[in-house]
Amino acid sequence: MPELKHKLEVFSETVLTESEKEVRQITDDLKLKSDAALIDAKKEAKAEAERFRAAKTAEITAREHKRVSTNRAQCRHDHLIFREQCADDIRQELIRRIADYTKTEDYALSLRSFLKKALAYVGTTDSCRVFLRTEDMHLAEALAKEGDSNNISFLEGRFVLGGLRLICDAKKQRVDMSFDSAVSDLMRDISEISGIKEVS
């Protein structure tokens, strides 16, 4: 029996050793699988975090670009409105000053000077039509003395600020010395220089 006991002990020890080996092997395999799964999970979490960060960065960048672009457009618009308002203020002040000037004695003298220059430009031998604004028609008689009154006819023009326009049909010439045209030309120049639309 001692031999059977011994065999039993050897068998038990062998089974126990094999079982321990198997347990160690399973434990080592599980540890390897667990470590690999942990590494994979960390990689996946890092990749997911990177995707999330990239998506959020792109979203924030797009939102900020849009905000900056909107602000830039608003600033350009505000600047354009300001320039247009400045041009309109200049125009209104110019019209006010012209209106004040046309009420002075100097205005009649200016009309005489304008007529002399216009007649000198086209020559005084041909008949001419001189257009004045309605408010200035009372000056026609005095202005007629500047040239050959037989060759000059005075008519109401379609302008309101003042000055005159002379047309010589025979020579197909026109001299525009109206304040309306001068203001329009000045505002066109201001518009071109400042990059704004023409103020009417």
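Modeller: In this predicted model, strand 1 and strand 3 (residues 163-168) run antiparallel and are joined by four bridges. Within that pairing, Phe-131 stands opposite Arg-165 of strand 3. Strand 1 also pairs with strand 2 (residues 152-156); these two run parallel, and five bridges connect them. Here Arg-129 faces Ser-153, a residue of strand 2. Strand 1 itself covers residues 128-132 and is mostly covered, with four of its five residues buried.

The pairings can now be put together. Strands of a sheet pair through backbone hydrogen bonds, in either a parallel or an antiparallel manner. Four strands make up an open sheet of mixed pairing, and their order is 2-1-3-4. Strand 2 and strand 4 (173-178) are the edge strands, each of them pairing on one side only. On average, neighbouring strands of this sheet are turned by 20 degrees against each other, with direction ignored. The pairing of strand 3 with strand 4 is antiparallel and rests on six bridges. Leu-164 is found opposite Met-177 of strand 4.

Next come the helices that pack against these strands. Helix 2 lies across strand 1, strand 2, strand 3 and strand 4, and runs at about 20 degrees to strand 3. Helix 4 packs on the sheet as well, where it touches strand 3 and strand 4. The direction of helix 4 makes about 80 degrees with that of strand 4.

In soluble globular proteins, nonpolar side chains tend to be buried together. The largest nonpolar core of this model contains 27 residues, and those with the most contacts inside it are Leu-115, Val-130, Phe-154 and Leu-166. Two or more residues of this core come from each of helix 1, helix 2, strand 1, helix 3 (140-144), strand 2, strand 3 and helix 4. Helix 2 contributes the most to this core, namely seven residues.

A pair of aromatic rings is described by the distance of the centres and the angle of the planes. With centres required to lie within 6.5 Å, the count comes to four aromatic pairs. One of them joins Tyr-101 and Tyr-107 edge-to-face, with 6.0 Å from centre to centre and 80 degrees between the planes. Tyr-101 is partly exposed at a relative accessible area of 29%. Tyr-107, by contrast, has a relative accessible area of 2%, and because buried means under 20%, it counts as buried. Tyr-107 also pairs with Phe-179: the ring centres are 5.9 Å apart and the planes stand at 50 degrees, so this pair is tilted. This second pair links distant parts of the chain, since Tyr-107 belongs to helix 2 (residues 105-122) and Phe-179 to helix 4 (residues 179-194), 72 residues apart. Phe-179 is buried too, its relative accessible area being 14%. Tyr-101, Tyr-107, Phe-114 and Phe-179 together form one aromatic cluster.

A polar atom of the Thr-102 side chain lies 2.9 Å from the backbone oxygen of Ala-99. With a relative accessible area of 13%, Thr-102 is buried.

Phe-82 lies in helix 1, which spans residues 2-101. Its relative accessibility is 51%, and because exposed means over 50%, Phe-82 counts as exposed. Phe-82 and Gly-162 are separated by 80 residues in sequence and by 29 Å in space, C-alpha to C-alpha.

Notes: Residues are numbered from 1 along each chain as its sequence is written. This is a predicted model: local features need pLDDT of at least 70, side-chain atom pairs count only at pLDDT 80 or more; totals for chains, interfaces and linings use all residues. Side-chain values use heavy atoms; hydrogens and water are left out. Rings of Phe, Tyr and Trp (its six-membered ring) pair if their centres lie within 6.5 Å; planes under 30 degrees apart count as stacked, over 60 as edge-to-face and the rest as tilted. Buried means under 20% relative accessible area, exposed over 50%, partly exposed in between (1.4 Å probe, protein chains only). Two strands pair if DSSP finds at least two bridges between them. Axes are lines fitted to C-alpha atoms, for helices over the stretch in contact, and angles run from 0 to 180 degrees between N-to-C directions. Contact means heavy atoms within 4.5 Å. A nonpolar core is a set of buried Ala, Val, Leu, Ile, Met, Phe, Trp, Tyr and Cys residues joined through side-chain atoms within 4.5 Å. A polar contact is a pair of N or O atoms within 3.5 Å; within protein, one must be able to donate a hydrogen and the other to accept it, and residues adjacent in sequence count only if both atoms are side-chain atoms.
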